[in-house]
Amino acid sequence: MQTRSLGSESLTVSALGLGCMGMSEFYGAADDAESITVIRHALDSGCFFLDTADMYGPFTNEQLVGRAISGRRDDVVLATKFGNERRPDGSRIGINGKPQYVRAACEGSLRRLGVDHIDLYYQHRVDPSVPIEDTVGAMKELVDAGKVRHLGLSEAAPATIRRAHAVHPITALQTEYSLWSRDPEDEVLPTVRELGIGFVAYSPLGRGFLTGRITSPDNFADGDFRRHNPRFQGENFRRNLGLVERVREIAAAKGCAPGQLALAWVLAQGDDVVAIPGTKRIAYLDENLAAVDVELTADDLARLDEAAPKGVTAGERYADMTPLHR
């Protein structure tokens, strides 16, 4: 597994990490025992950058990750997030960036993960009612106290990133980025590169669509949130299948799986970019990790740019885009 460095403070992570969200919620039924096996297999395979959040489950995903890494803390770069506040019954309270909440959320995450520090602590979504300086100021206090090593933001707008970075160095900006979600290229990527901030791409497989395994909305199990995602509905779904078919054709010519091609494309966007695909299956994990061995030529990248130009995907990323890019 390759490693890459995030941010001016040089946080070393595996080029491909593991997004753990779907192990507890959003993507159908959970199997904790199998998920723990997958996480440990990832660590054994050199994939040591794990991503979770307090709102996944809610709360249960951090507990799951904590059990999986028990006894192996030194093998892991552990990232979690706060800010999407939920109750234990799963109901949503809203976005919270108040300093007192930041401190309480961190204590809760440390307890559930069973660790004494978090390597990378993200604000999951920006709270428009709280100045970003106040939120990041509270996050800086956590760094000063030794409870957090590095700070991150997720889905923040360029102006917000600049203001946050002025309070304390931001190590990574996490945003959806893939062949079918290329909007960060317009302003976000140039901003973080100017500031020396690393970029973490979540959903680099287009929520599984770019693997080519999703051929019908009927593929989704009960409880899978993709049933309600605009890109997976009606005419949008049919149009987006055309994009997947173009990716499949290029992958076949390269002798790799479509998902591997999609991940290789993300990694080819720069040494400051890492990807955190999620999976609940060892076979899919192994397939994903092999993407680091797929070398894309200039011609390959040009073909992919033609097949998946910015704006080609039909439908919004979320049904409600309001919390993004604040």
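Author: A residue is called buried at under 20% relative accessible area, exposed at over 50% and partly exposed in between, with a 1.4 Å probe and protein chains only. The model is predicted, so local features need pLDDT of at least 70 and side-chain atom pairs count only at pLDDT 80 or more, whereas totals for chains, interfaces and linings use all residues. Residues are numbered from 1 along each chain as its sequence is written, and side-chain values use heavy atoms, with hydrogens and water left out.

Helices (H or I, at least four residues) and strands (E, at least two) are DSSP runs, numbered from the N terminus.

With strand 4 (residues 49-51), strand 5 pairs in the parallel sense over three bridges, and Leu78 is the bridge partner of Leu50. Strand 4, helix 2 (residues 60-69) and strand 5 form a right-handed β-α-β unit; right-handed means that, with the strands pointing away from the viewer, the path from the first strand over the helix to the second runs clockwise. Strand 5 also pairs in parallel with strand 8 (residues 118-123), over four bridges, and there Phe82 stands opposite Gln123. Strand 8 in turn runs parallel to strand 9 (residues 148-154), joined by five bridges, with Tyr122 opposite Gly152.

These strands belong to an open, parallel-paired sheet of eight strands in the order 3-4-5-8-9-10-11-12. Its edges are strand 3 (18-19) and strand 12 (273-275); each has a single partner strand, so one side of each lacks a neighbour in the sheet.

The wider packing comes next. A nonpolar core is a set of buried Ala, Val, Leu, Ile, Met, Phe, Trp, Tyr and Cys residues joined through side-chain atoms within 4.5 Å. The largest core has 99 residues, of which Leu18, Phe49, Leu50, Leu173 and Phe199 touch the most other members. Helix 8 (residues 258-267) gives the most to this core, with seven residues. Apart from it lies another core of six residues, among them Met21, Tyr27, Ala53 and Tyr56. Contact means heavy atoms within 4.5 Å; not counting residues up to four places away in sequence, Phe199 touches residues including Leu6, Leu173, Val192 and Val273.

The cysteines complete the account. A disulfide is a pair of cysteine sulfur atoms within 2.5 Å, and the structure holds zero of them. The sulfur of Cys106 is too far for a bond because the closest cysteine sulfur, in Cys20, is 18 Å away. Cys256 is in no disulfide either, as the nearest cysteine sulfur, that of Cys47, lies 19 Å away. Cys106 is buried at a relative accessible area of 0%, and Cys256, at 14%, also counts as buried.

Note on methods:
Pairing = 2+ DSSP bridges.
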